[in-house]
Amino acid sequence: VGDAVPFKNSEYFENGDYTIHYRTYGDPILNRGQIMLLHGFGLSSASLEGIANEYAKENYFVVTPDIPNFGYSSRETSQTALQSREDLIYSLAEDLGGKWIIGGHSMGGGIAVNIAIDHPEKITGLILFAPQTSMESTGALSVVMKSKIVQNVFGAIIGLTKYFPNVVRPLVAVSFSDLCYAKNYDVSKIAAPLALKGTGAGMAIMASHTRGTNLEAFSALKIPTVIVTAKNDMVANRKNLNALINAAPEGAKVITVQKGGHMMMEYDPAGVCALTLDAIKK
């Protein structure tokens, strides 16, 4: 996606054909713990900026990567030697070193669960914001999503954001469940990275090799888990969300907030951070 450094706290991590953009908050050495937060579908690390700053104020070192095909990380193409999102994010965590509390919003929550299943010895806690599980991409579905036709269709649809950034504003209103908030929201935080070349096609390719969520393995984890939901969430698939909550490890804490909808952690980062702090400290 070019050589630009989009934010003052931007860093890049190379792995195979991938370049992962990530942002850091807080002290990487003198801290009470490390937190890695993963954004949701169509979003980027920008959606986690507020809550990352809140955790950093509590003396945590926080890292927010852009998942491949989103934000300012590289886009997958037909020439990419494909790797799973889970392996790429975990390789970044390994490169930075130490153990991690890992969190995720929506799609990022499903990825965080998979990483915890794979590496329970390195994950000390889970923070999941309106998490959504993923469905395994296999067989005909995988072949179709890799096709040029589907890549072009995805590219054309997502490409609209380059010329009409306000096309995402109605989605923002639904995501936050607050029309007034959406009216004043800076849509460039979402539209600018979506408008980058190859985003739509990359999403299609990503959908061709998505890893599913093993709820049985999730339930067997011995990792402290916090799940934050929103009363007025109009985006999350409720059946999907409830399945994840019902499969949560023993002792998991489920918190429901009243405002902010699906994007509650961006809508009220200080409030949501405060609700999770006790569990995180333990």
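Me: In this predicted model, which residue forms a salt bridge with Glu94?
Reply: Side chains of opposite charge can pair when their charged atoms come close. For Glu94, the closest N and O atoms of the pair are 2.7 Å apart, and a salt bridge is counted within 4 Å. The partner of Glu94 in this salt bridge is Lys122.

Me: Where in the chain do Glu94 and Lys122 lie, and how many residues apart are they?
Reply: Glu94 belongs to helix α2, whereas Lys122 is in the loop between α3 and β6. The pair thus links distant parts of the chain. Their separation is 28 residues.

Me: Is Glu94 buried, partly exposed or exposed?
Reply: The relative accessible area of Glu94 is 37%. Buried means under 20% and exposed means over 50%, so the value for Glu94 places this residue in between. Glu94 is therefore partly exposed.

Me: Which residue forms a salt bridge with Asp118?
Reply: Asp118 is in helix α3, and its partner is in the loop between α9 (199–207) and α10 (215–219), 93 residues apart. The closest N and O atoms of the pair are 2.6 Å apart. The partner of Asp118 is Arg211.

Me: Are Asp118 and Arg211 buried, partly exposed or exposed?
Reply: Asp118 has a relative accessibility of 32%, and Arg211 has one of 25%.

Me: Which helices are tied together by the salt bridge of Glu266 and Lys189?
Reply: The side chains of Glu266 and Lys189 meet at 2.8 Å, N to O. Because each residue lies in a helix, the pair ties together parts that are 77 residues apart in sequence. The helices are α12 (residues 264–267) for Glu266 and α8 (residues 188–194) for Lys189.

Me: Is Glu266 buried or exposed?
Reply: Lys189, the partner in the salt bridge, is partly exposed with a relative accessible area of 29%. Glu266 has a relative accessible area of 8%, and the limit for buried is under 20%. Glu266 is therefore buried.

Me: What is the order of the strands in the open sheet?
Reply: The sheet has 8 strands with mixed pairing. Its edge strands, β1 (10–15) and β8 (253–257), each pair on one side only. Neighbouring strands are turned by 20 degrees against each other on average, direction ignored. The order is β1-β2-β4-β3-β5-β6-β7-β8.

Me: Which strands does helix α3 touch?
Reply: Helix α2 (residues 85–96) lies across β1, β2, β3 (34–38), β4 and β5 (100–105), and runs at about 110 degrees to β1. Helix α3 (residues 107–118) also packs on the sheet, with its direction at about 150 degrees to that of β5. The strands that α3 touches are β3, β5 and β6 (123–129).

Me: The side chain of Gln34 reaches the backbone oxygen of which residue?
Reply: Gln34 is found in strand β3 and is buried, with a relative accessible area of 12%. Residues that Gln34 touches include Pro28, Phe61, Trp100 and Ile101. The backbone oxygen that its side chain reaches, at 3.1 Å, belongs to Lys99.

Terms used
Residues are numbered from 1 along each chain as its sequence is written. This is a predicted model: local features need pLDDT of at least 70, side-chain atom pairs count only at pLDDT 80 or more; totals for chains, interfaces and linings use all residues. Side-chain values use heavy atoms; hydrogens and water are left out. Two strands pair if DSSP finds at least two bridges between them. Helices (H or I, at least four residues) and strands (E, at least two) are DSSP runs, numbered from the N terminus. Axes are lines fitted to C-alpha atoms, for helices over the stretch in contact, and angles run from 0 to 180 degrees between N-to-C directions. Contact means heavy atoms within 4.5 Å. Buried means under 20% relative accessible area, exposed over 50%, partly exposed in between (1.4 Å probe, protein chains only). A polar contact is a pair of N or O atoms within 3.5 Å; within protein, one must be able to donate a hydrogen and the other to accept it, and residues adjacent in sequence count only if both atoms are side-chain atoms.
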